[in-house]
Amino acid sequence: MAVRVAVVYYSATGNVHALADAVAKGAASRDAEVRLRRVPELAPDSAIDANPAWRAHVDATKDTVPEATLEDLEWATAYALGTPTRYGTPAAQLKQFIDTTGGIWQAGVFHSKPATSFTSSINRHGGQESTLLALNNVFYHWGCIIVPPGYTDPVLYAAGGNPYGTSWPSGGGETPDEATLAAANYQGRHLADIATRLAG
């Protein structure tokens, strides 16, 4: 059976979107079927319009990246979830989507499927690890097999060496650098490889 990876994320200004795209490409390079999906935006237009980068990203992806549905989760045999850090926790937009999964969770859709997570914040110590651990709490409840990148490839050290998942400190608005995108790509490959082994 072909590995099917759902990369589901929320991104305000585009950093997590860039990581999600790299994760998706990494998984696809291992011949996995991949669905790259964004969760719905919940913020009012007044908040989005106050940040030109946020408005630009919303407009750039609204017709190019499909919105995530529960069917995407049912379809997948592996998951990669991405979110910006919000006070050391996942963004409300991704959390709201997760909170709609109760029915398929009770039906056992997530059981024994591999899952991984990634994030971005303004500061390197702005809650990245706690956000990834919070997403892992969801995976525990879902009954997933958590697949962190760990320290399993040298490419991870060049990106800051976060064993929990790829993370990017955007600082003054910088987009993810090549080292971080390479780490995200590896994380997608690693997830697909583990999913393939589990399916074998």
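Leaving aside its neighbours within four places in sequence, which residues is Phe110 in contact with? I looked this up first. The list is Leu73, Tyr79, Thr101, Ile104, Trp105, Trp142, Gly143 and Cys144, where contact means heavy atoms within 4.5 Å.

**Ground rules**

I note that this is a predicted model, in which local features need pLDDT of at least 70 and side-chain atom pairs count only at pLDDT 80 or more, while totals for chains, interfaces and linings use all residues. Residues are numbered from 1 along each chain as its sequence is written, and side-chain values use heavy atoms, with hydrogens and water left out.

**Cores**

I looked up Phe110 again under nonpolar cores. A nonpolar core is a set of buried Ala, Val, Leu, Ile, Met, Phe, Trp, Tyr and Cys residues joined through side-chain atoms within 4.5 Å. Buried means under 20% relative accessible area, exposed over 50%, and partly exposed in between, with a 1.4 Å probe and protein chains only. The largest core has 28 residues, and Val8, Tyr79, Leu81, Leu94, Phe110 and Trp142 touch the most other members. At least two residues of this core come from each of β1, α3, α4 (70-75), β3, α5 (92-98) and α7 (128-142). The biggest contribution is from α7, with four residues. A second, separate core has 23 residues, including Val16, Leu19, Ala27 and Ala184.

For these labels, helices (H or I, at least four residues) and strands (E, at least two) are DSSP runs, numbered from the N terminus.

**Strand β3**

I went to β3, residues 78-86, next. Eight of its nine residues are buried, so the strand is largely enclosed by the rest of the structure. I then listed its partners; two strands pair if DSSP finds at least two bridges between them. Strand β1 (residues 4-9) is parallel to β3 over five bridges, with Val5 bridged to Ala78. On β5 (residues 114-121) the pairing with β3 is also parallel, over six bridges. Here Ala80 stands opposite Thr116, and Tyr79 has Ala115 as its bridge partner.

With β4 (residues 89-90), β3 runs antiparallel over two bridges, and Arg86 faces Thr89. Two residues lie between the strands of this hairpin, and Tyr87 takes a positive phi near 55°.

**Strand β5**

Is β5 mostly covered or uncovered? It is mostly covered, with eight of its eight residues buried. Pro114, Thr116, Phe118 and Ser120 point one way, and Ala115, Ser117, Thr119 and Ser121 point the other. In a regular strand the side chains alternate between the two faces of the sheet.

I found two further parallel partners for β5. Strand β6 (residues 145-146) joins β5 over two bridges, with Ala115 opposite Ile146.

**Helix α3**

In α3 (residues 52-61) I found Trp54, His57, Val58 and Thr61 buried. They cover an arc of only 100° around the axis, which puts them on the same side of α3; the arc is that of the directions from the helix axis to the C-beta atoms. These buried residues pack against α1 (15-28), β2 (33-38) and α2 (45-49). At the start of α3, a side-chain oxygen of Asn51 comes to within 3.0 Å of the backbone nitrogen of Ala53.

**Record**

Last, I checked UniProt: an unreviewed entry places "domain: Flavodoxin-like" at residues 5-191. Such annotations may be inferred rather than shown by experiment. The end C-alpha atoms of residues 5-191 lie 9 Å apart, and the span is 43% helix and 19% strand.

Note on methods
Polar contact = N/O pair within 3.5 Å; in protein donor to acceptor, adjacent residues only side chain to side chain.
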